[in-house]
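Here's a quick briefing to read with the model open beside you. Take a look at the sequence and the 3D view before you start.

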Amino acid sequence: MNQLFPIFVKLNQIHTLLVGGGKVALEKFQALVSNDETLKLTVVTREIIPSFEELLQNYPQVQLHIRSFEPADMKDKQLVIAATNNIELNDQLRSLTRQRNILFNAADKPELCDFYLGSIVKKGDLKVAISTNGKSPTIAKRIKELLNDFLPEEIDETLSLMSAYREQLKGDFEFKVKKLNEHTKNILRHER
């Protein structure tokens, strides 16, 4: 049963901890930074691959600690992402995040996760998240490619026009929704 509730998190308003410094950690970092280059992030790892360490130099606000994880690293964090292949460390992180009410994600360990990092399609201000409930990241990637090809580049211009139109509308919420629905009914057919 699919019980996920999709949300979009403002990464520049919360502090995230990424534990790990290998290829998977680099992939998680790239996913995070591609959504918000101003994110608040701390990376803790005993070892880091050179390409990850080099990339981090472009993000001076990201704190990098090359050492073993310490429970104090979770202070003031709202999200924790584990990108390690250390089962004991992942279990420790899961236990500590539960005790502290911090949301947790462990790469390739859906049973440990409070949330998943989905595939993202971005076209300007439009952002579509795709989840397979942790079952198949490969399928999510294929759907992402399909949507990327399907959604027109001009969709961002349309979003700007709709925002301006919405600001001009007078009336209560129900009236505005009705008008916007009428106006957007056939929008994708007209853009392609």
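Which helix does Asn90 lie in? Asn90 sits in helix H3, residues 87-100. Keep in mind that this is a predicted model, where local features need pLDDT of at least 70 and side-chain atom pairs count only at pLDDT 80 or more, while totals for chains, interfaces and linings use all residues. Residues are numbered from 1 along each chain as its sequence is written, and side-chain values use heavy atoms, leaving out hydrogens and water.

**Asn90 up close**
- Asn90 has 3% relative accessibility, so it counts as buried (under 20% relative accessible area; exposed is over 50% and partly exposed is in between, with a 1.4 Å probe and protein chains only).
- Leaving aside residues up to four places away in sequence, Asn90 touches Ala82, Thr84, Phe104 and Leu112 (contact means heavy atoms within 4.5 Å).

**Aromatic rings**
- Searching the whole structure turns up two aromatic pairs (rings of Phe, Tyr and Trp, using its six-membered ring, with centres within 6.5 Å; planes under 30 degrees apart are stacked, over 60 edge-to-face and the rest tilted).
- Phe29 and Phe52 have ring centres 5.5 Å apart and planes at 45°, so this pair is tilted.
- Phe29 is in helix H1 (residues 23-35) and Phe52 in helix H2 (residues 50-56), so their pair ties together parts 23 residues apart in sequence (helices are DSSP runs of H or I, at least four residues; strands are runs of E, at least two; numbering goes from the N terminus).
- Both Phe29 and Phe52 are buried.
- With ring centres 5.4 Å apart and planes at 75°, Phe29 and Tyr59 make an edge-to-face pair.
- Tyr59 is buried too, as is Phe29.
- Phe29, Phe52 and Tyr59 form one aromatic cluster.
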